[in-house]
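Please look at the sequence and the structure before reading on.

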Amino acid sequence: MIKSRPINNAKFRGCLIVCVVAALMCACTNHNYFKPSCTLPSGVDLEAALDHSRADLGRLECEQMFEGYFDRLIDVAKRDPDIENRRRFSEFLVWANDEGIIDKIQARNYYNRYFNTTFMSLPDDFNVCSSCTDIAKSNLEQDLQQELGQKEEGLLRACQDKPAYYAAADQYNSILLLLDATCTACLNK
Amino acid sequence: MPESKIRAVRRNPRLPELWRRSIVLSLISLAVLPTWVLAKTSPTLRLFPTTVVESIKHTSETAKAMEADLQSVIEQLNQQEELYSISKCEGAESEPGCRQIAEQLSQVYLEMLDVMESRLPGMEDSVRATNTSLERRIRKELGRKTTPRGLQKLLAKTALKSSEPARYKRRSGKLSEKFRQYYRLVTTAPRTGSGGSLAAVAAEIYLDTQEVQELIALTRDEISRAKLMIDLDQIYGIITPEMFEMVGRVKTILFGDAGDLEGIPDPPQGSLESAYQSPLGM
């Protein structure tokens with residue numbers, strides 16, 4: 001009895017190793033576990049790309065890639081332009097907010113930067129005079145220009161909403177004029 | 001009073017009292033309604049008080065008087081300049097014909113300097129007054145009371161022309177005409193409640209007066225210098241590039257820059273009101 005114990009132990013160890021290897025092999029064949037789950041959308045169909053993004057972003061591991069998904073969706077929308085894309089993006093952002101992927105401020109920011117004439121780069125906390133230092137004004141102008149580019153992508157390219165884009169461009173020009181005059185007046189104390 | 005009404009009054013002795021009350025109520029509502037409507041539509045910005053409006057009007061009148069004085073002199077200068085150029089006098093100043101043209105040109109130039117010298121101080125005062133009062137208003141109303149986002153909200157209330165220049169650039173056109181148009185705009189705009197476009201007009205007038213002031217200061221310096229040179233009898237009868245520059249500068253002040261303004265294309269026909277309204281929209 002005493003002599004057979006090491007043999008039993010060896011058998012047991014062997015079985016254990018076989019079981020572990022088998023379990024690992026089973027795990028390897030499980031598609032859901034090893035499939036790259038966060039794949040950015042592509043193609044020329046925005047509805048399909050939105051469905052794909054919703055499915056991916058619904059998983060915890062993909063949430064942090066929201067910005068990448070959004071950028072890619074804009075690219076898809078530019079290849080599938082439609083006035084209804086504005087509504088589609090709005091619904092997508094509301095869904096992302098409801099799911100807790102982004103907060104309401106982020107959702108508003110994304111939507112308005114791309115699909116509305118309102119310039120989110122314009123601060124709403126302090127008066128205009130406080131944005132008139134050389135650096136602050138220069139940064140603000142850069143941000144505004146960048147946002148006009150985003151509106152061009154969203155309103156003009158993705159939605160083909162020319163009146164809205166031109167209204168935004170008009171307002172951009174007028175804002176620069178008002179900023180120039182106001183900052184000159186603020187600095188000429 | 002008609003028969004039917006007299007009968008009605010006889011039937012109900014309280015009717016005249018009711019009529020009186022209803023008339024009083026109607027009068028009160030008539031008196032209150034326009035105030036309420038105005039309060040709803042008039043701009044909250046006070047960018048153009050009477051002093052600013054009068055100042056703009058005065059600048060327009062001063063500019064007009066100066067233009068009238070200078071118009072014939074500048075035309076004469078233009079003609080002589082053209083004659084000088086056509087006669088190929090550059091490099092051949094010693095030729096008797098060229099010398100004669102040059103002398104005439106210098107005389108007219110001197111005349112222009114005299115007119116400018118007498119008119120510029122008044123013009124400068126008027127432009128400065130407009131600039132100073134507008135500066136104070138813009139600083140208070142737009143600089144201190146408004147946030148950058150607030151500026152856009154102001155603009156969003158009123159549809160502006162779609163071909164605004166990308167940055168402020170002095171518009172071409174006569175100075176007097178431009179100020180006349182400014183005057184007309186600021187005296188009629190408040191009735192339409194266009195606070196946003198009023199702010200843009202204020203900004204444009206302010207930057208315009210700023211630039212005109214700088215040009216006037218430069219021109220006055222130049223006049224002093226040119227007069228001194230003439231006093232020293234150094235350039236009388238000699239055409240210098242500075243003379244042409246001076247004429248150009250005077251033209252810029254009075255008639256604005258030449259050249260087209262670039263703008264974004266006009267939007268196609270269509271209404272923004274029908275566009276999709278998102279719950280995320282601001």
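Is B:Arg119 buried, partly exposed or exposed? B:Arg119 is partly exposed, with a relative accessible area of 29%; here buried means under 20% relative accessible area, exposed over 50%, and partly exposed in between (1.4 Å probe, protein chains only).

The model is predicted: local features need pLDDT of at least 70, side-chain atom pairs count only at pLDDT 80 or more, and totals for chains, interfaces and linings use all residues. Residues are numbered from 1 along each chain as its sequence is written, chains are lettered from A and ligands numbered from 1 in the order in which they are written, and side-chain values use heavy atoms, with hydrogens and water left out.

**Where the chains meet**

Contact, defined as heavy atoms within 4.5 Å, joins 48 residues of chain A to 44 residues of chain B. The buried area is about 4100 Å², and carbon and sulfur atoms give 64% of that area. Buried area is the accessible area (1.4 Å probe) that two parts lose on being put together, summed over both.

Between chain A and chain B there is 1 salt bridge, a term for a side-chain nitrogen of Lys or Arg within 4 Å of a carboxyl oxygen of Asp or Glu. B:Lys153 and A:Asp124 form this link, at 3.7 Å from N to O.

**Salt bridges within the chains**

Side chains of opposite charge can pair when their charged atoms come close. Over all chains, the whole structure holds 23 salt bridges.

| Pair | Closest N and O atoms |
|---|---|
| A:Asp51 and A:Arg54 | 3.8 Å |
| A:Lys137 and A:Asp180 | 3.1 Å |
| B:Arg119 and B:Asp69 | 2.7 Å |

A:Asp51 and A:Arg54 are about one helical turn apart because they stand 3 residues apart in helix H3 (residues 46–57) of chain A. Helices (H or I, at least four residues) and strands (E, at least two) are DSSP runs, numbered from the N terminus. A:Asp51 is partly exposed at 46%, and A:Arg54 is partly exposed at 24%.

For the second pair, A:Lys137 is buried at 17% relative accessible area, and A:Asp180 is buried at 14%.

Finally, B:Glu124, B:Asp125, B:Arg128 and B:Arg220 are linked in a network of salt bridges.
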